[in-house]
Amino acid sequence: MTTTAVTAPGTVRRSTDTAPIFGIDALPPGQHFINGEFRLGTTDEKQAVIDPCTETTICEVAQGTAADADAAVLAAMQAKEAWGRTLPKKRAEILLAIANRLEENADLLARLESLNTGKPLMVSEDDVASSIDSFRFMAGAARATTSLAAGEYAEDHLSVILREPLGVVGVVTPWNYPLLMAVWKIAPILAAGNTIVLKPSEQTPLTTLKFAELTADLLPAGVLNIVTGLGPVIGERLAGHPDVDMIALTGSVNSGRAVARTAAETVKRVHLELGGKAPVVVFADADLAAAAESLRAAGYWNSGQECGAGCRVLVHESVAEQFSQLLVEQVRTLVVGEPTAGADVEIGPMISKAHFDRVLGHLERAKAAGAKAALGGGALEGKGYFVAPTVLVDVPEGAACTLEEIFGPVVTIETFSTEDEAVSRANQVPYGLAASVWTLNPQLGHAMASRLEAGTVWVNSHLVLANEMPWSGFKSSGYGRDLSAYALDDYSRTKHVMHNKAR
């Protein structure tokens with residue numbers, strides 16, 4: 001397949017608004033939040049927080065140490081019994097109060113998220129709305145947990161199943177959805193009756209710290225603790241700490257491996273949501289226009305810095321040329337820019353210089369392997385870490401760009417000839433987080449969904465989430481479930497109590 005290259009959207013729309021997106025005086029304290037208050041760390045070392053749109057420093061936050069993590073764990077330990085014994089009704093009321101507080105400050109949080117990450121406001125606003133809904137869902141789920149009915153399963157003995165909190169849960173969150181991924185952990189962990197020590201990404205700590213500031217009066221001291229710093233320091237200490245009962249991480253596969261290795265020493269539970277390389281299988285009978293329109297969002301949402309992004313298209317060879325043209329037409333209309341450059345801005349920068357260089361390196365290697373950029377293919381000029389929305393065609397089977405997570409605004413297009421080939425190629429990646437199938441044949445859709453090795457499979461859509469449904473991966477994408485009532489199972493334990501009732 002050969003598609004004529006066209007000029008990429010070549011400019012970044014810059015803001016003409018002289019007012020800042022977020023008032024610097026409203027930034028949260030750049031300190032650790034431990035036992036219900038912000039406090040200085042054990043050292044004076046700081047970490048700069050960079051605006052990826054302008055490459056300038058926003059502020060500095062504390063660079064935590066293992067001793068800071070220990071202090072937070074101690075606070076969580078001291079708070080866990082009282083919080084764990086709080087009735088579900090009371091915990092639910094607090095979660096609903098948190099949701100209301102977030103809703104009252106939704107615009108502020110969205111603007112702070114966009115300042116720290118460069119996200120378009122439409123993305124940040126969606127993150128905040130989803131965060132609010134997560135707390136409201138978990139508030140209800142906390143009061144409706146289910147388990148095996150009490151009954152007599154051994155003669156003259158009554159069995160009762162108790163569901164209990166785990167205790168202290170350590171959490172490590174990523175930079176691509178700083179607030180939302182924190183909430184995906186905080187809401188079910190609190191709902192299940194646990195206390196938390198959370199380390200946000202050192203690149204994007206601001207909305208997590210702001211969350212702690214906004215909700216400090218709603219939670220008992222020590223129930224939620226935030227320690228800022230580096231993963232190999234804070235994350236490593238939480239994973240190995242003997243008083244942390246579980247470690248939950250959303251991040252890279254390498255980070256997950258490191259956490260799991262350390263956690264093994266204390267045989268604590270591990271919850272991992274790792275990378276993805278979602279295949280999008282498009283059959284000849286699919287609604288090609290609908291698939292292309294869907295991937296305009298699903299392949300490039302959050303600038304492609306999304307583990308469930310529809311980034312690897314496998315399209316039947318008979319319609320590959322047509323589909324490629326339709327996708328290019330869709331992606332060409334994406335608006336790249338700074339968050340305050342207009343409500344229609346859809347694509348922001350990569351999060352950092354290091355990640356920007358990594359994405360560009362992937363593009364160079366893809367071209368060297370024979371792939372062609374039908375659109376985009378490189379950096380955009382000017383300040384900031386902006387990469388042009390890219391569609392790669394003529395991608396050879398087995399190319400690194402089809403197997404490795406690029407995590408940028410890049411979609412690759414390959415072809416297949418048979419259903420079995422499509423399944424084999426889709427499943428050859430080490431990840432198993434998400435996938436989608438596009439066909440108007442319902443039997444084929446069902447069959448493909450059962451054959452694809454992914455925790456979520458969409459049929460004729462992609463990247464549609466609901467708080468009622470679980471989000472989890474297979475293979476190298478990790479284990480443990482976010483969202484849904486299943487998350488409460490992950491963050492709790494069951495105890496069998498048997499009563500001898502013989503007379």
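**Figure 1. The open sheet of β5, β6 and β22.** In this predicted model, 3 strands form an open sheet in the order β5-β6-β22, with antiparallel pairing, where strands are DSSP runs (E, at least two residues) numbered from the N terminus, helices being runs of H or I with at least four residues, and where two strands pair if DSSP finds at least two bridges between them. β5 (151–154) and β22 (492–500) stand at the edges with a single partner strand each, so one side of each is left without a neighbour in the sheet. The twist averages 45° from one strand to the next, with axes taken as lines fitted to C-alpha atoms, for helices over the stretch in contact, and angles running from 0 to 180 degrees between N-to-C directions. β5 is joined to strand β6 (residues 157–165) by 3 bridges, the two running antiparallel, and A154 has H157 in β6 as its bridge partner.

Residues are numbered from 1 along each chain as its sequence is written, and side-chain values use heavy atoms, with hydrogens and water left out. Because the model is predicted, local features need pLDDT of at least 70 and side-chain atom pairs count only at pLDDT 80 or more, while totals for chains, interfaces and linings use all residues.

**Figure 2. The hairpin of β3 and β4.** Strand β3 (residues 46–51) and strand β4 (residues 56–62) pair in the antiparallel sense over 6 bridges, and D51 stands opposite T56 in β4. The two strands form a hairpin with 4 residues between them, and E55 in the turn has a positive phi of about 65°. Most residues other than glycine have a negative phi.

**Figure 3. The open sheet of 7 strands.** The strand order is β14-β15-β16-β13-β12-β18-β19, and the pairing is mixed. β14 (372–375) and β19 are the edge strands, each pairing on one side only, and neighbouring strands of this sheet are turned by 25° against each other on average, direction ignored. Strand β13 (residues 312–316) runs parallel to strand β16 (residues 410–416), to which 5 bridges join it, and L314 has E414 in β16 as its bridge partner. Helix α9 (residues 288–298) packs on the sheet and touches β12, β13 and β18, its direction making about 155° with that of β18; contact here means heavy atoms within 4.5 Å.

Figure 4. Because 5 of the 5 residues of strand β18 (residues 434–438) are buried, the strand is largely enclosed by the rest of the structure; buried means under 20% relative accessible area, exposed over 50%, and partly exposed in between, with a 1.4 Å probe and protein chains only. Both faces of β18 are covered, with A434, S436 and W438 on one side and A435 and V437 on the other. Strand β12 (residues 279–282) is joined to β18 by 3 bridges and runs parallel to it, and 4 bridges join β18 to strand β19 (residues 456–459), again in parallel. S436 is the bridge partner of V280 and also stands opposite W458 in β19. β18, helix α14 (residues 442–451) and β19 make a right-handed β-α-β unit, meaning that, with the strands pointing away from the viewer, the path from the first strand over the helix to the second runs clockwise.

**Figure 5. The buried residues of helix α9.** In α9, L288, A291, A292, S294, L295, R296 and A298 are buried, and what covers the buried residues of this helix includes β12, β13, α10 (320–331) and β18.

Figure 6. A379 is placed in the loop between β14 and β15 (390–393) and counts as partly exposed, at 41% relative accessibility. Leaving aside its neighbours within four places in sequence, A379 is in contact with F356, L360, F386 and V387. A379 and P389, 10 residues apart in sequence, are 9.3 Å apart in space, C-alpha to C-alpha. D394, in the loop between β15 and α12 (400–403), has a positive phi of about 55° although it is not a glycine, and is buried with a relative accessible area of 16%. F407, which lies in the loop between α12 and β16, has a positive phi of about 60° although it is not a glycine, and is buried with a relative accessible area of 15%.
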